[in-house]
Amino acid sequence: MSKTPTLSDRLSKARSGSAPDVTERARRGVMAYVGAQTDVGRATRDLADGTAATGVGRVALSGLSPQGLACADGCAFCCILSGSDGGTITEAEAVALHTALAPLAGQPDGRAWHPKACPSLDPETRSCRAYDARPMICRAYVSTDAEACKAVSEGRAASGPGTLGPYHTYLAAIGLSRAALKGVKRVATYALSKVAAGAVQGASLEDTLAAARHAPSELEAELKRSKRDLSRA
Ligand code: SF4
Ligand code: SF4
C-alpha cells in the first residue's frame with residue numbers, strides 16, 4: 001500500500017508559478033511554518049486561508065529596513081486603486097479586513113475623497129481605518145517620493161514607488177499552498193477593494209467573500225505579473 005503524502009511531501013513537490021529563487025524562498029518559509037505546527041488540521045487550514053503565506057511574507061518584511069522612504073500617515077496616493085479589483089489578498093486577510101471595517105459600515109469612506117480610493121480609507125484624515133488588518137499588498141508598497149505616487153495614481157509613469165520583495169514571496173507561498181492542497185482544500189484569493197466595499201456597505205462576511213472571490217486564474221495572472229516585475233528589477 002502506498003503511503004499517504006504528508007503536507008510537507010506535497011509542499012516539497014509543489015510549483016508556485018513564480019520565479020525559481022522566489023519559489024524556493026517561499027517553500028522554505030511555508031515548510032518551516034507547517035513544520036512548526038503540531039496539528040495537521042490547523043496547518044492545512046492555515047495553508048488554505050493564506051495565514052501561512054501571510055506569515056512568510058510578514059517575517060520577510062520584518063527583516064527589511066528600506067531607507068529614504070517618503071511614506072507617512074495621511075499620505076494616501078497609494079490607496080487610490082486602479083481598476084475594480086484593488087489587488088490580490090488571501091482569505092485570512094479578507095476576513096481580517098472585513099472584521100476591522102464592519103463596525104464602520106455606513107460612514108463616509110475613502111471614495112468621498114477620491115472616487116477610486118480604497119473604501120478602507122478615512123476621507124478626512126486619509127489614514128487607513130484598517131491599518132492593523134491591512135493586507136500584504138499594502139504593507140509591501142513603499143515609495144521614496146510621494147509626488148511620484150501622485151503621478152502614478154493619475155496614470156503617469158514615475159520612479160520612486162515599488163513593491164518590496166516579500167510581497168512576491170508571499171504570492172509564491174499562496175501559489176505553493178494552492179498546488180499542495182489541490183484536490184484537498186480550496187485556496188482562494190480575493191479582490192481587496194471589493195472586500196473593503198462590502199464591509200463598509202454593511203454586507204455580511206459571507207456575502208462579501210462570495211462577491212470578492214477571484215477566479216482561480218487571477219492568482220496565476222498575478223504571479224505572472226510578479227515574475228515580469230522581478231525580471232525588470
Ligand atoms: S507609497 Fe507613496 S502615497 Fe503611499 S504612503 Fe508611501 S509615499 Fe505616500
Ligand atoms: S487597506 Fe488601507 S493601506 Fe490598504 S489600500 Fe486600503 S486604505 Fe490603503
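Contact here means heavy atoms within 4.5 Å. With that in hand, welcome to a short tour of this predicted model.

View 1. Among contacts with a separation of 6 or more, 71% join residues 24 or more positions apart. The chain is built from 11 helices and four strands. Its radius of gyration is 18 Å, close to the 17 Å that the globule rule gives for 233 residues, so the chain is as compact as a globular protein of that length. Along the principal axes, the C-alpha atoms fill a box of roughly 65 × 40 × 30 Å.

**View 2. The largest nonpolar core.** Of the 233 residues in the chain, 42% are buried. The largest nonpolar core has 51 residues, and those touching the most other members are Leu-47, Ile-89, Leu-97, Leu-101, Tyr-170 and Tyr-190. Helix α8, spanning residues 165-180, gives the most to this core, with eight residues.

**View 3. Tyr-190 and its neighbours.** Here is a closer look at Tyr-190, one of the core residues that touch the most other members. Leaving aside residues up to four places away in sequence, Tyr-190 touches Gly-87, Thr-88, Ile-89, Thr-90, Glu-91 and Ala-94, among others. Further along the sequence, its partners include Val-195, Leu-209, Ala-212, Arg-213 and His-214. One of these partners, Ile-89, is also listed among the core residues that touch the most other members.

Terms used:
Residues numbered from 1 in each chain as written. Chains lettered and ligands numbered in written order. Predicted model: local features only at pLDDT ≥ 70, side-chain atom pairs only at ≥ 80, totals over all residues. Heavy atoms only, no water. Helix = DSSP H or I, 4+ residues; strand = E, 2+ residues; numbered from the N terminus. Rg over C-alpha atoms; globule rule 2.2 N^0.38 Å. Buried < 20%, exposed > 50% of the residue type's maximum accessible area, 1.4 Å probe, protein only. Core = buried A, V, L, I, M, F, W, Y, C linked by side-chain atoms within 4.5 Å.
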